[in-house]
Amino acid sequence: MSTTTTTPGSASAAVALSAVTKVYGRGADAVVALDRVSLDVAPGEFVCLVGASGCGKSTLLNLVAGLDTVSGGGIQVGDDARPGLMFQEPALFPWLTVGANVEVPLKLRGLPAADRKARVAELLDTVHLGDFARRRPHELSGGMRQRVALARTLALDTPVLLMDEPFGALDAMTRDSLHDELERLWTGRNAAGTPLTVLFVTHNVREAARLADRIVLLSSRPGRVIYETRVDVSRPRRIDSPEVAAVAADVTDRLRAEVGRHGH
Ligand SMILES: Nc1ncnc2c1ncn2[C@@H]1O[C@H](COP(=O)(O)OP(=O)(O)O)[C@@H](O)[C@H]1O
Ligand SMILES: [Mg+2]
């Protein structure tokens, strides 16, 4: 473990934030959600953004996704790629089958029907749902629905994946298996030379230590980067390994100190 020395604003970054500030509202009601956040995510890197509830994590992700605009500073997404987004709620179309849900982004991308069928099958295999293409979302468990959401996000074929507490509503066992799958997927993409950059938001420090190459800790409001650390633990990892636990303990101590400083 060591603190990093990346230089924010580097042109080779997959995602680059330089002095990003976000203020909601105006005048006396203004809320400074983010205060001059600088962060570079390298191509193929898996970065977890951790912080207390309300510290601006979702705000930051929404800005990178282009769903909202910065009040100050700048954001660059490498090659102007449109990032894929995944949230805590899978937000599937309930009237469409699992296969049709995954097909939506392929249709939007204009893929011919024959290619779409093959790609849907491939994506569902990737998330171990090959046998469920004809089911509807309500017939699946929460974990399976979140797998469909992951397949649908992957169907965008984007090099950048933005994930906002995507496994936050799942039980621990299901979450563990999704961690394994996400790691496998991400490792496979990087090994194949088609790097997948992941910016993953969570308030769960253990989850961050399980997944990340690098953990970035945000302060309580306004969100500022107060700590970052590399997670030099070999993969595949286990969430209950002593190495992952040691990283989580270090980050938890810093998070506790930060939350304590704010008295909540
Ligand atoms: N659209 C909005 N309008 C006004 N305030 C907002 C809006 N979105 C978020 N906030 C405020 O900005 C702060 C950061 O919120 P958010 O990014 O959702 O935090 P987190 O995801 O870390 O829990 C909070 O104080 C929240 O109330
Ligand atoms: Mg949030």
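Pro236 lies in the loop between β9 and α7 (242-261). What kind of peptide bond joins Arg235 and Pro236, and with which residues is Phe46 in contact, leaving aside its neighbours within four places in sequence?

Reply: This is a predicted model, in which local features need pLDDT of at least 70 and side-chain atom pairs count only at pLDDT 80 or more, while totals for chains, interfaces and linings use all residues. Residues are numbered from 1 along each chain as its sequence is written, chains are lettered from A and ligands numbered from 1 in the order in which they are written, and side-chain values use heavy atoms, with hydrogens and water left out.

The bond between Arg235 and Pro236 is a cis peptide bond, with omega about -5°. Most peptide bonds are trans. Another cis bond, also with omega about -5°, joins Arg221 and Pro222; Pro222 sits in the loop between β8 (214-218) and β9 (225-230). Strands and helices here are DSSP runs numbered from the N terminus (E, at least two residues, for strands; H or I, at least four, for helices).

Beyond its neighbours within four places in sequence, Phe46 is in contact (heavy atoms within 4.5 Å) with Leu182, Trp186, Val198, Phe200, Leu211, Ala212, Asp213, Arg214 and Arg235. Phe46 is also one of the residues that touch the most other members of the largest nonpolar core, which has 48 residues; Val102, Met163, Phe167, Val198, Phe200 and Ile215 are the others. A nonpolar core is a set of buried Ala, Val, Leu, Ile, Met, Phe, Trp, Tyr and Cys residues joined through side-chain atoms within 4.5 Å. Buried means under 20% relative accessible area, exposed over 50%, and partly exposed in between (1.4 Å probe, protein chains only). Helix α4 (residues 142-154) gives the most to this core, six residues. At least three core residues come from each of domain 1 (15-83 + 158-261) and domain 2 (93-154), the bounds being taken from an automatic or database domain assignment. The centres of the two domains, taken over C-alpha atoms, are 26 Å apart. Their contact takes twelve residues from domain 1 and ten from domain 2.

Two of the partners of Phe46, Leu182 and Trp186, are among the buried residues of helix α5. The buried residues of α5 pack against β3 (46-50), α3 (113-126), α4, β6 (160-164), β7 and α6 (205-211). Helix α5 (172-191) has 20 residues and should span 28 Å, and its end C-alpha atoms are 28 Å apart, which agrees. The expected span is 1.5 Å times one less than the number of residues.

Strand β7 (residues 197-202) also holds Val201, which is buried with a relative accessible area of 0%. Pro166 is 35 residues from Val201 along the chain, yet their C-alpha atoms are separated by 8.2 Å.

Most residues other than glycine have a negative phi. Arg36 has a positive phi of about 50°; Arg36 belongs to strand β2 and is exposed at 56% relative accessible area. Ala91 likewise has a positive phi of about 50°. Ala91 is in the loop between β5 (84-86) and α2 (98-108) and counts as exposed at 55% relative accessibility.
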